[in-house]
Amino acid sequence: MGYFRDNIEDMGGYVPGYQPESGDVVKLNTNENPYPPAPAVMEALAGIKPEQLRRYPDPVGNEFREAAAKVNGVSPENIMCCNGGDDLLTIAMRSFCNSNRTVAYPVPTYSLYPVLAKLQNCKAIEVDFDKEFNLPAKLSSSGAALTIVCNPNAPTGSFIDTAELASLADELKGVLLIDEAYVDFAEDNCAGLVKKFDNVIILRSMSKGYCLAGMRFGYAIAAANLIEGMMKVKDSYNVDTVSTVAATAAIKDQQYFKGNVEKVKNERKRTIGELTKLGFEVPESFANFVLAKSKDYKASEIYDKLVQLGIYVRYFDLPGLTDKLRITIGTRQQNDKLISALKEILAK
Ligand SMILES: Cc1ncc(COP(=O)(O)O)c(C=O)c1O
């Protein structure tokens, strides 16, 4: 008998995007925000007292819950703090799924979902998106204990209307988790659904719109009964004092947040235009990345050549994605470097 459970022995782990050690590269591969966090975040961090580090953190992060509740028009009891959005995905999988209780999600999507399903020894029902990435009708009849819809979806950047997700929540017998890690860059969100449906969980991340990927902080918005149940499953101190202080300062500074998101959206529009001029097919994106399809060149070759020029984007060797590159929206300067490098590569 091996040391590990069979499902762990048999699986590959999640493969995160490459984190180059040298800072002297253009890093457009893991959907980080290219701008620094709000000055208020750095001030709040500088104000942390030794006593705050000596003590254990608030196990539920009440200060953050209050601030996040205000921003989302819900009550603090509808918020659960998490060690990044990924922590919420693990908590949800452990709360609702096992070898008899399945998870379902449309594909292609975030490649962590199947990894978490394998860890939990639970069957994953993968339902194909159509070419326009519409919500697959079959999703509502999968019988899954947990259905996950990533919206805006990664890595496609596509967006499904709130009304459609409301209908799905209504039809499902199990829980619907809407992964809104990228929703800060979209025009609408599903937070309002938690007031109407007791089976909806919204995932939010502080890594993207709030520039705090290095901090590891995310949160759930859901009906109080779901939050209470998931609190039983989470690690007792799943968020630390330092990240709670930073995340609270970040979410309170809505003016900085909104300005930052506008900058990313403007650059997204410009970059899509430039990529299209170079002959890429780039569907509309509601996230801080775009999925560019190369019509004449192999995406994997373009990827390799970009790496040689010190530019990192993301290539997925997965069904439906092998002819595409996912490119994070960077600063104007970074995006310009990418465009000139692509011009050089495609000219050869
Ligand atoms: C679709 C999606 N969901 C959730 C996350 C989790 O983000 P984090 O754990 O950084 O909050 C990510 C991170 O890239 C993501 O792409």
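Guide: This is a predicted model. Start with Asn 121, which counts as partly exposed because it has 15 C-beta neighbours inside 10 Å. The cut-off for buried is 20 or more such atoms, and for exposed 12 or fewer. Asn 121 lies in the loop between α6 and β4.

Visitor: What is the phi of Asn 121 near, and is it positive or negative?

Guide: The general idea comes before the case. Most residues other than glycine have a negative phi, and most peptide bonds are trans. Asn 121 is not a glycine, yet its phi is positive, near 55°.

Visitor: Is Cys 211 buried or exposed?

Guide: Cys 211 is buried, because 21 other C-beta atoms lie within 10 Å.

Visitor: Let us turn to helices. Which residues of α6 are buried?

Guide: Here is the general idea. An α-helix has 3.6 residues a turn, so residues three or four places apart point the same way. In helix α6, residues 112–119, the buried residues are Tyr 113, Leu 116 and Ala 117. Viewed down the axis of α6, these buried residues fall within an arc of 105°, so they line one face of the helix.

Visitor: What do the buried residues of α6 pack against?

Guide: They pack against helix α5 (85–96) and the strands β3 (103–107), β4 (124–128) and β5 (146–150).

Visitor: Helix α5 contains Phe 96. Is Phe 96 buried or exposed?

Guide: Phe 96 counts as buried, because it has 24 C-beta neighbours inside 10 Å.

Visitor: What is Phe 96 in contact with, leaving aside neighbours within four places in sequence?

Guide: On that basis, Phe 96 is in contact with Arg 101, Ala 145, Leu 146, Gly 174 and Val 175. A distance in sequence and a distance in space can be read side by side. Phe 96 and Ala 144 are 48 residues apart in sequence, and their C-alpha atoms are 9.5 Å apart in space.

Visitor: How do I read two helices that meet? At what angle do α2 and α10 cross?

Guide: Look at the axes, then at the residues in contact. The axes of α2 (residues 39–46) and α10 (residues 241–252) come within 8 Å and cross at roughly 145°. The crossing is right-handed. From α2, Ala 40, Val 41, Ala 44 and Leu 45 meet Val 242, Val 245, Ala 246, Ala 249 and Ala 250 of α10. By class, this contact of α2 with α10 has nine nonpolar, no polar and no charged residues.

Visitor: Which strands pair with β8?

Guide: Strand β2 (residues 79–82) pairs with β8 in the antiparallel sense over four bridges. Met 80 stands opposite Ala 220 there. Strand β7 (residues 200–205) also pairs with β8 in the antiparallel sense, over five bridges. Arg 204 has Tyr 219 as its bridge partner in β8.

Visitor: In what order do the strands of the open sheet with β10 run?

Guide: The order is β9-β10-β12, three strands with antiparallel pairing. The edge strands are β9 (280–281) and β12 (324–328), each pairing on one side only. Two bridges join β9 to β10, and Phe 280 stands opposite Ser 294 in β10. Helix α11 (residues 254–277) packs on this sheet, touching β9 and β10, and its direction makes about 5° with that of β10. Helix α12 (residues 299–308) packs on the sheet too, touching β10 and β12, at about 40° to the direction of β12.

Notes
Residues are numbered from 1 along each chain as its sequence is written. This is a predicted model: local features need pLDDT of at least 70, side-chain atom pairs count only at pLDDT 80 or more; totals for chains, interfaces and linings use all residues. Axes are lines fitted to C-alpha atoms, for helices over the stretch in contact, and angles run from 0 to 180 degrees between N-to-C directions. A crossing is left-handed if the near helix is turned anticlockwise from the far one by less than a right angle, and right-handed if clockwise. Two residues are in contact if their C-beta atoms, placed from the backbone, lie within 7 Å. Ala, Val, Leu, Ile, Met, Phe, Trp, Tyr, Cys and Pro count as nonpolar, Asp, Glu, Lys and Arg as charged, and the others, Gly among them, as polar. The arc is that of the directions from the helix axis to the C-beta atoms. Two strands pair if DSSP finds at least two bridges between them.
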